[in-house]
Each structure stands twice: as C-alpha cells, then as structure tokens.
Amino acid sequence: MFGRPPTAAAATTTTRLVYCWGAKLIKNSYAHPIGRTQFVRLKSAVSAVASELRRSPPYCFPGLVASDEDKDIICAHKNSGNGVGNALGQSDTCKVVEILNSLREEPCHALSFFDQLKEQGFVHNVSTYMAIIRILCYWGMDMRLDSILLGVIKSNDKHLGFKVSDLFEALIEWIEAKGPESLIRAFDALVKAYVSIGNFDEAIDTLFQTKRREKNDTAVAVFRQFKRLGLSPNDYSYCIVIKALCRKGSLEEAADIFQEMEEAGLTPNAFTYSTYIEGLCSQARSDLGYEVLKAWRDQNIPIDVFTYLVVIRGFVNESKLKEAECVLLDMDEHGVVPDAYCYGSLIRGYCKIGHILKALALHNEMAAKCIKTNCVIVGVILQCLCQMGMADEAVDQFNNFKELGIFLDEVAYNIVVNALCKLGKLEAAVRLLDEMKGKKMSLDIVHYTTLIGGYCLQGKLVDAVKLFEEKGNLV
DNA sequence: ATAGGGTTAG
C-alpha cells in the first residue's frame with residue numbers, strides 16, 4: 001500500500017494527505033503504454049540501423065561537389081592517398097561545416113562525406129554534428145539521424161572532440177530557435193538512441209543538469225515527448241521529472257507523477273519519496289514537506305536519513321531552526337539515527353545567525369553520539385568564528401581540530417589563512433600555505449586571492465603584486 | 001546506475 005502525496009493547495013490536515021493507491025480509478029485510459037515486446041523491437045530496430053550503416057560500402061567522391069573550392073579539397077584527398085582526415089586537418093571544422101551546408105540538397109552525399117571523414121580519423125565537433133543533424137532532420141532521414149546520435153551517445157564522450165552534453169545544448173538552442181517542428185525528429189532520435197543502450201534517464205538527466213532554470217521546462221517537455229513516443233520511463237526517470245517539476249514550482253504536477261508511476265506499474269522507492277519532499281522543501285514549503293513525511297511514515301513507506309535531512313535542511317533554509325531541531329529529535333525517536341549531514345545542516349543554521357555556542361553544543365552532541373564530524377562542518381564553525389570577530393579563536397580551534405586528527409581540507413585551510421590575514425599575521429598565513437604544499441594539497445586561486453588580500457590590507461603592495469604574478473593563470 | 005554543507009575578491 002502506498003500513500004499518494006498531497007497536492008500543495010489541498011493539504012490542510014494529515015488525514016487529507018493520505019490516500020490509498022487501492023482506491024484509484026480504473027487505469028485503462030492511459031494513452032501510451034508500451035510493452036516489453038515493443039521495447040525490444042525498438043531496441044533491435046535501432047541496432048539494425050547501426051549495423052546496416054556499418055556495412056555500407058566506403059564512399060568515394062564522384063564529382064558531386066558544390067563549389068570549386070570543395071573540389072580542391074576532395075582532390076587533395078584523392079591525390080594524397082592518405083584519406084580525407086589528412087587533407088582536412090582538425091582546424092578545418094569550419095570548412096567541413098561549409099561543405100556539409102553546401103551539400104544540404106544532397107543529404108546522402110553529405111552523410112557519406114561526414115562518415116568518410118570520421119573513418120579517416122577526422123574528429124567531428126559540435127558544429128559539424130549540428131550541420132549533419134540539421135540536414136538529416138530537414139530531409140526527415142530519421143533512421144540516419146538515429147544512428148548518428150546513437151554513435152555519439154555510445155561513445156560516451158570518448159573519441160569525441162566534445163562532451164555529449166555540449167551537443168545537447170546546441171540541439172536545444174536550435175530547437176528553441178526553430179520551434180517544435182524540428183523538436184519531434186531530433187528528440188525522436190535522441191530517445192531511441194538512449195533507449196537502445198538502456199540508458200533512458202541519461203537524456204533527461206543531461207538536459208536537466210543544464211544551468212538555466214527554464215531548462216526544467218525542457219526536461220519535462222522531453223519527458224512528455226518520450227512518453228508520447230510510446231517509451232516507458234523507469235523509476236530513475238520519474239525521479240528526475242519530479243525534481244524538474246518541483247524546481248519550476250509545479251508541485252501539483254509533481255504529485256501527479258506518483259499516479260503516473262502507479263499506472264505504469266512502477267513502485268516509488270525511497271529516492272522517489274525523498275525527491276518529492278525535497279522539492280516541496282526547496283520551494284519554501286518545508287512545513288508541507290514534513291507533513292508529507294509523517295503521513296508517509298505512518299503508512300510504512302520507506303523514509304530514510306536522507307528524507308529527514310531534506311526536511312531539516314529545508315527548515316534551516318527557511319530560518320526555522322526550532323522546527324529543524326524537532327525533526328532531528330523526531331527521527332531519533334523513530335529509530336533513524338541522524339548522521340553528520342543532519343547535524344551539519346543544523347550547525348550551519350545556527351552559525352548563520354551567529355549562535356556559535358549552540359552550534360558548538362550540537363557539535364559536541366555529535367561527538368557524544370559517536371557521529372564523526374568532518375572538515376565541512378568544522379569549516380562552518382571556523383567561518384562563523386571569523387565572522388563574529390573571533391579570528392584568533394578560529395585559529396586556535398583549527399589547531400585543536402588538527403591535533404584531534406580531523407582531516408582538514410583546502411577550504412578549511414583557506415578559512416584560517418584568511419583569519420590570519422585579517423589578524424595581520426602574514427608570516428603565519430604563509431607558513432600555513434607552505435604546510436599545505438608539504439602535504440601535497442593544491443593551492444587554488446582562492447588561496448592566492450586570500451593572501452593577496454592580506455598583503456593589500458597591510459599596504460604591502462609589492463608583495464601582493466609579486467604573488468599576483470606568481471599565481472599565473474590559476475582558475 | 002540515481003540524492004546531501006563550508007572558503008577569497010566585487
């Protein structure tokens with residue numbers, strides 16, 4: 001038995017939050033179910049295309065060239081006897097794009113040219129791939145498109161001159177510019193390629209990880225498109241879509257995904273539940289997230305440390321520290337032992353409002369419960385001390401932690417280097433950085449920036465400039 | 001096969 005999540009608006013009481021899957025409507029109206037047989041058929045169709053292409057005879061250039069300049073390149077290729085790859089160097093990708101564009105009226109030739117280059121060792125980049133994809137889309141050569149994208153995805157970034165996600169970016173930009181007409185074909189190919197290697201989520205996931213917020217819409221659109229094409233997502237994919245919907249604020253739609261999953265015969269797992277609750281909490285609805293957690297918990301739905309963590313973190317981010325602490329106690333009472341992440345979130349919350357004593361008390365509580373601290377939590381505490389004007393105390397604590405054998409990483413070191421700089425103890429700061437070097441820890445641009453700032457603060461501009469030059473092009 | 005903190009400048 002599983003609980004249906006509440007809709008964001010309707011959730012007023014716990015009882016209203018809880019539904020039984022058993023009480024659902026008949027589920028025969030679903031538009032695009034796909035059986036395992038169809039799935040396998042699709043899979044073999046894709047690999048058939050792939051092998052057909054592999055078997056196709058080597059291409060030669062029978063004077064189908066669009067311009068004189070192109071002819072020259074082809075001649076160079078013929079005369080060299082070394083293949084196109086040698087005639088066209090890696091720096092000639094612009095040229096390749098030009099040639100492909102000039103062959104757009106003869107898609108088969110364009111494709112052969114593209115394949116031939118590849119066979120000869122030419123490494124295509126995003127532009128050349130986009131050029132051939134545009135042509136194949138325009139001519140509706142779906143099978144060829146499938147195999148091109150399959151090749152890209154199978155290579156898994158190896159032997160490619162770019163990341164697969166870069167191509168996705170370009171593809172999406174193009175689709176956004178050109179509208180849904182082209183979307184169908186390009187994504188059709190994308191979907192099939194991923195499904196054929198059993199990596200369905202990767203498509204959505206890659207898209208989802210792209211930076212901009214509005215891309216969440218794209219992730220969801222792609223998901224819908226996948227389903228429209230008759231492909232069945234698995235629990236991983238559903239998880240990603242729930243996350244995407246929550247992030248764009250569509251909490252109700254996200255809740256509906258649970259029903260879709262049921263209709264597809266899939267059982268949500270701890271990841272799915274946590275994802276939805278995290279979604280609610282990330283939309284500043286941690287109160288709701290907590291209610292859902294409790295409702296689900298009452299139904300013996302799998303709730304783990306991570307589920308509690310997302311609620312604790314949600315409350316902390318909403319500056320509701322009392323609530324966050326209640327959740328910590330609550331989980332303990334329900335036999336789920338809080339881990340360092342749970343305590344860490346709470347400690348971060350108290351540090352943020354300058355309650356360093358409370359933070360330290362929690363830190364001690366961890367130790368009493370044998371929950372190991374780590375350099376991130378220590379970093380939060382040290383930084384808090386610094387911000388409260390207790391830089392010297394931070395330095396002392398840092399040394400204490402070090403003596404206790406707690407591993408301190410580059411970030412923790414930088415916090416203390418910064419503290420020393422603020423205290424005007426430049427020699428000590430430099431010594432600490434030397435200590436890092438001795439431990440084979442790597443200094444990055446932040447360390448240099450910190451120390452340069454320290455010198456500037458002392459008016460030692462010569463030292464600052466020297467350091468600035470020493471740091472070179474660190475990024 | 002999926003999840004989770006902290007650092008410098010402006």
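Q: What should I know about the model before I start?
A: The model is predicted: local features need pLDDT of at least 70, side-chain atom pairs count only at pLDDT 80 or more, and totals for chains, interfaces and linings use all residues. Residues are numbered from 1 along each chain as its sequence is written, chains are lettered from A and ligands numbered from 1 in the order in which they are written, and side-chain values use heavy atoms, with hydrogens and water left out.

Q: How many residues does the largest nonpolar core have?
A: A nonpolar core is a set of buried Ala, Val, Leu, Ile, Met, Phe, Trp, Tyr and Cys residues joined through side-chain atoms within 4.5 Å. Buried means under 20% relative accessible area, exposed over 50%, and partly exposed in between, with a 1.4 Å probe and protein chains only. Here the largest core has 87 residues. Y276, W296 and V311 have the most contacts inside it.

Q: Which helix gives this core its largest share?
A: Helices are DSSP runs of H or I, at least four residues, and strands are runs of E, at least two; both are numbered from the N terminus. Helix 23 (residues 410–422) gives the largest share of this core, eight residues. Domain bounds come from an automatic or database domain assignment. The core draws at least three residues from each of domain 1 (41–54 + 92–268) and domain 2 (389–474).

Q: How many salt bridges does the structure hold?
A: Side chains of opposite charge can pair when their charged atoms come close. The cut-off: a side-chain nitrogen of Lys or Arg within 4 Å of a carboxyl oxygen of Asp or Glu. The structure holds 14 salt bridges.

Q: Where in the chain do K227 and E260 sit?
A: K227 is in helix 12 (residues 215–228) and E260 in helix 14 (residues 251–263). They are 33 residues apart, so the pair links distant parts of the chain. Their closest N and O atoms are 2.6 Å apart. K227 and E260 are both buried. R224 joins K227 and E260 in a network of salt bridges.

Q: Are K437 and D434 buried or partly exposed?
A: K437 is partly exposed, at 42% relative accessibility. D434 is partly exposed too, at 40%. Their side chains meet in a salt bridge (3.9 Å, N to O). They are separated by about one helical turn because they lie three residues apart in helix 24 (residues 426–438).

Q: Which residues are closest to DNA strand B?
A: A residue is near a strand if one of its heavy atoms lies within 4 Å of it. 28 residues surround DNA strand B, and the closest are F271, F306, R313, Y341 and D409. Helix 23 supplies the largest share of this surface, six residues.

Q: What part of DNA strand B faces the protein within 4 Å?
A: Of its atoms within 4 Å of the protein, 29% belong to sugar or phosphate and the rest to bases. A polar side-chain atom of Y341 lies 3.1 Å from a base nitrogen. An N or O atom in the side chain of N269 is 3.3 Å from a base oxygen.

Technical notes:
A polar contact is a pair of N or O atoms within 3.5 Å; within protein, one must be able to donate a hydrogen and the other to accept it, and residues adjacent in sequence count only if both atoms are side-chain atoms.
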